[in-house]
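This report describes a single protein chain.

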Amino acid sequence: MPMPKDELQEEYTNAWRTYVDSLEKAVAKLEADIKEASEMASVCTSEWCQATEHVVDDLSNALFSISEPRWANKADSDKIKQLKRRVHDLYADYRNTAAKANA
């Protein structure tokens, strides 16, 4: 027996929000890692820089390619916009940290 449309929509919305929450946790973890690296120059090795840049790229790609459900509310949309800004700022922080390490 097929699932009712409302139930299916609710399941999809919950899964979508779980995914966005996971992306938010990943952004927060990366922010903490970059902050820590900026305070300890020895952490900023070329391997660290390369790995960090890949993670930032992956998070950016995930956030900028995410499809918002048409029934997403304003809070959901605002959260995505805020995460996109954070990843943009995070990349700038990463570049500053990497530049200091290579100076």
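## Helix H3 and the chain around it

Asp76 is found in helix H3; helices (H or I, at least four residues) and strands (E, at least two) are DSSP runs, numbered from the N terminus. The model is predicted, local features need pLDDT of at least 70, side-chain atom pairs count only at pLDDT 80 or more, and totals for chains, interfaces and linings use all residues. Residues are numbered from 1 along each chain as its sequence is written, and side-chain values use heavy atoms, with hydrogens and water left out.

Asp76 counts as buried because its relative accessibility is 9%. Here buried means under 20% relative accessible area, exposed means over 50%, and partly exposed lies in between (1.4 Å probe, protein chains only). Leaving aside residues up to four places away in sequence, Asp76 touches Trp16 and Arg17, where contact means heavy atoms within 4.5 Å.

Helix H3 covers residues 74-102 and also holds Asp93. Asp93 has 41% relative accessibility and therefore counts as partly exposed. Thr97 is another residue placed in helix H3. Its relative accessible area is 5%, so Thr97 is buried. Thr97 and Cys49 are 48 residues apart along the chain, and their C-alpha atoms are separated by 9.0 Å.

## The aromatic cluster

The structure holds two aromatic pairs. Rings of Phe, Tyr and Trp (its six-membered ring) pair if their centres lie within 6.5 Å; planes under 30 degrees apart count as stacked, over 60 as edge-to-face and the rest as tilted.

| Pair | Centre to centre | Angle between planes | Class |
|---|---|---|---|
| Trp48 and Tyr94 | 6.1 Å | 45° | tilted |
| Tyr91 and Tyr94 | 5.9 Å | 45° | tilted |

Trp48 lies in helix H2 (residues 46-64) and Tyr94 in helix H3, so their pair ties together parts that are 46 residues apart in sequence. Tyr91 and Tyr94, in contrast, both lie in helix H3, three residues apart, which is about one turn of the helix. Through these ring pairs, Trp48, Tyr91 and Tyr94 are linked into a cluster.

## The whole chain

The secondary structure comprises three helices and zero strands, and the pattern read along the sequence is α-α-α. The chain has a radius of gyration of 17 Å, whereas a compact globule of 103 residues would have one near 13 Å. This radius is taken over C-alpha atoms, and the globule rule is 2.2 Å times the number of residues to the power 0.38. Along its principal axes, the C-alpha trace spans about 60 × 25 × 20 Å.

Of the 103 residues in the chain, 28% are buried. Among contacts between residues at least 6 apart in sequence, 82% join residues at least 24 apart.

The accessible surface comes to about 7,000 Å², and carbon and sulfur atoms account for 53% of this area. Accessible areas come from the Shrake-Rupley method with a 1.4 Å probe; for residues, only the protein chains shown count as cover.
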